Amino acid sequence: MRVVCKVLDAPTNAVAGHRSGKGAISLGTINTPGLKTSKPCMSVFTATGKEEKYPLDGTCEVRTIHDKFIHQGKLTIVWRIPNKTTAISEARPEVLRNFMNQLQAVLRGENIDTLKEITKVYGSLFIH
């Protein structure tokens, strides 16, 4: 699943000093090098071409998800490991709500088999 939005992905203690920019977030799977298995992952893509991957297999931990303003297309994910914050804005509310529901299901260990692989080709995000 892919959401086109404005994204701010910064260390939690330095969020105030950063600005959000055009980007996208996606929820899917990534292949594990050397193995034939894939694991759930959330990827954050920014307009500068930067990509940050957050494996959702226990390697990265979500501290909290702030969804008070999801009806305005805003969502904030605070990560415990790594100590970062992902702020999402200017997304379509219905798409963002669906994304949040899928993310919460994956964090509970549900719906992992329905995720598709995340790939990045020529600066664009594709989900097969």
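These entries record what I looked up in a predicted model.

**Basis.** I number residues from 1 along each chain as its sequence is written, and side-chain values rest on heavy atoms, with hydrogens and water left out. Because the model is predicted, local features need pLDDT of at least 70 and side-chain atom pairs count only at pLDDT 80 or more, while totals for chains, interfaces and linings use all residues.

Entry 1: I took helices (H or I, at least four residues) and strands (E, at least two) as DSSP runs, numbered from the N terminus. Strand 3 (residues 38-46) and strand 4 (residues 51-55) run antiparallel and are joined by five bridges; two strands pair if DSSP finds at least two bridges between them. The two form a hairpin with four residues between them, and in the turn Gly-49 has a positive phi of about 95 degrees. I noted that Met-42 stands opposite Tyr-54 in strand 4.

**Entry 2: the aromatic pair.** I then followed Tyr-54 to its ring partner. Rings of Phe, Tyr and Trp (its six-membered ring) pair if their centres lie within 6.5 Å; planes under 30 degrees apart count as stacked, over 60 as edge-to-face and the rest as tilted. By this rule I count one aromatic pair. The rings of Tyr-54 and Trp-79 have centres 4.2 Å apart and planes at 10 degrees, so the pair is stacked. Because Tyr-54 lies in strand 4 and Trp-79 in strand 6, the pair ties together parts that are 25 residues apart in sequence. Buried means under 20% relative accessible area, exposed over 50%, partly exposed in between (1.4 Å probe, protein chains only). Tyr-54 is buried at 0%, and Trp-79 also counts as buried at 0%.

**Entry 3: helix 1.** An α-helix has 3.6 residues a turn, so residues three or four places apart point the same way. Just after helix 1, Gly-109 takes a positive phi of about 90 degrees.
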